[in-house]
Amino acid sequence: MNSQYFAQYLLNTGMLSGDEVKGMLMKSMSCKPKLPLLAMYQGLVTARQLTDLGVETAAFAAAAQEKGLLTKSQVQNLSQAVTGESLRFAQALLDAGRMDYVRLAELFADYREAPVRPLKEAVARLADGSLDKELEYYNAYVEIFMRSLIRFMDTPAVINVFESLLDSDEQTRIVSQRLSGDLSMVTGLFAADDTFVEMARRYSREDIQEVDELAVDSITEFLNVMNGLYAIDLAKRQMDVDLELPRAAKNQKPVGSHQLELRIDTGFGSFVLVLATDEFVLHDLA
Amino acid sequence: MTRKLKILISDDSKLLRKKLREELEKLDCEVIEAENGKEAVLRDLQDKPDGVILDIVMPEVGGIEALQVIKEVNPDIPVIMLSSAGTPQKLMETLKLGALDFIQKPYTSAQIKRAVDTIRKKVPQHE
């Protein structure tokens with residue numbers, strides 16, 4: 001199972017609402033998957049066995065060994081297992097009482113057999129049948145971007161396929177950067193000021209309190225690094241692109257061609273990832 | 001006593017310059033900053049650094065043009081490129097122009113230490 005996109009799968013299929021997923025993402029940030037869930041996920045015990053065992057997590061290891069379900073070395077290996085965002089999210093669902101082991105096991109099985117990757121499905125749904133030529137490139141970018149949110153901003157995230165953020169009346173910021181050469185594409189981030197500041201703080205690890213020069217600089221640098229990673233990905237497909245200077249503005253909505261707007265919900269707030277084939281920040285005024 | 005290694009960093013990102021300065025000062029280097037390629041060329045002429053760490057995408061004069069000018073004026077100066085645009089094409093282009101190495105953003109502390117060691121080896125009194 002992909003280690004990151006279980007939450008996206010549950011949102012796409014309507015098993016959880018956008019608000020539920022947002023709340024659980026927040027909880028999952030401080031969640032550590034526990035032994036029973038890890039044992040079930042690795043196929044060492046079934047959901048039914050966990051339910052029948054009926055013990056608290058703290059007593060699970062001893063009880064499972066006593067019943068012959070797990071060996072001592074299996075327990076040790078589980079304790080040291082490297083876990084991903086999907087398991088953290090699943091543990092948050094269990095802790096909140098939103099699901100039990102049996103339901104979770106069914107959903108894990110469905111998730112493993114899903115014919116389309118959850119991110120790709122979310123992008124296709126938002127593109128709504130348009131953007132045929134661009135979709136391949138947008139999909140590749142989104143994969144890199146969503147993976148990088150964990151790495152650079154310490155947050156799990158999903159693409160919210162139900163709600164937009166662009167109609168917000170709040171003070172907003174937008175940054176963009178063009179890639180030119182074998183591919184013409186512009187990428188950008190649009191967020192309300194408070195989310196923008198939190199993103200800047202997380203990326204820079206600096207004590208940023210307001211949208212100042214360092215905050216704008218941090219987000220443009222983050223975008224620049226994302227686009228660099230994407231340029232390397234394109235180079236593997238024999239495509240050479242140059243990165244141009246980033247642009248930034250306040251209270252401007254993106255107006256690009258072949259534009260795709262993806263609302264990204266994270267554990268700390270929501271923002272919009274914008275992808276288009278030409279510049280959508282008209283005035284560089286930040 | 002050996003004097004501190006003087007390093008010019010050129011990047012339009014204030015955040016990057018701040019972080020890189022902190023890394024380099026931990027490695028006992030003296031740091032000079034430039035916000036774009038034009039300023040990098042001027043600071044190179046005026047301050048005579050021992051080595052340069054140069055971004056590629058910068059306003060006014062970009063890193064590749066700045067690299068060309070710096071190497072024309074001072075062919076022996078060690079220049080390390082530090083950029084998000086680390087494609088094989090850019091790597092080859094900058095190495096052909098005389099850059100010693102190319103670090104892809106985001107960098108690690110170990111990469112910066114290696115860059116400083118590389119520069120240090122090229123500066124006679126720091127060998």
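Predicted model: local features only at pLDDT ≥ 70, side-chain atom pairs only at ≥ 80, totals over all residues.
Residues are numbered from 1 along each chain as its sequence is written, and chains are lettered from A and ligands numbered from 1 in the order in which they are written.

**Cavity**

The whole structure holds 1 cavity of 30 Å³ or more. A cavity is a set of points, on a 1 Å grid over the protein atoms alone, where a 1.4 Å probe fits but cannot get out; a pocket is an open set with protein on both sides within 12 Å along at least five of seven lines; lining residues have an atom within 4 Å of a point. Grid points are joined across faces, edges and corners, and a volume is the space filled by probe spheres set on the points.

The largest cavity has about 50 Å³ of space. Its lining includes A:Gln4, A:Phe6, A:Leu25, A:Glu85, A:Phe89 and A:Val158. In chain A, helix 1 (6–12), helix 7 (85–95) and strand 1 (157–160) each give at least two lining residues, and helix 7 gives the most, with 3 residues. Helices (H or I, at least four residues) and strands (E, at least two) are DSSP runs, numbered from the N terminus.

Of the 21 residues lining the largest pocket, A:Val216, A:Asp217, A:Thr220, A:Pro246 and B:Asp12 are the closest to its centre. Helix 12 (213–236) and strand 5 (247–250) of chain A and helix 1 (14–26) of chain B each supply at least two residues of this lining. Helix 12 of chain A contributes the most, 6 residues.

The second largest pocket is lined by 16 residues, with A:Phe152, A:Tyr203, B:Lys19, B:Pro106 and B:Tyr107 nearest its centre. Here helix 1 of chain B has the largest share of the lining, 4 residues.

**Volumes and lining classes**

Ala, Val, Leu, Ile, Met, Phe, Trp, Tyr, Cys and Pro count as nonpolar, Asp, Glu, Lys and Arg as charged, and the others, Gly among them, as polar.

| Space | Volume | Lining residues by class |
|---|---|---|
| Largest cavity | about 50 Å³ | 7 nonpolar, 2 polar, 1 charged |
| Largest pocket | about 520 Å³ | 7 nonpolar, 4 polar, 10 charged |
| Second largest pocket | about 360 Å³ | 7 nonpolar, 3 polar, 6 charged |

Conventions: Heavy atoms only, no water.
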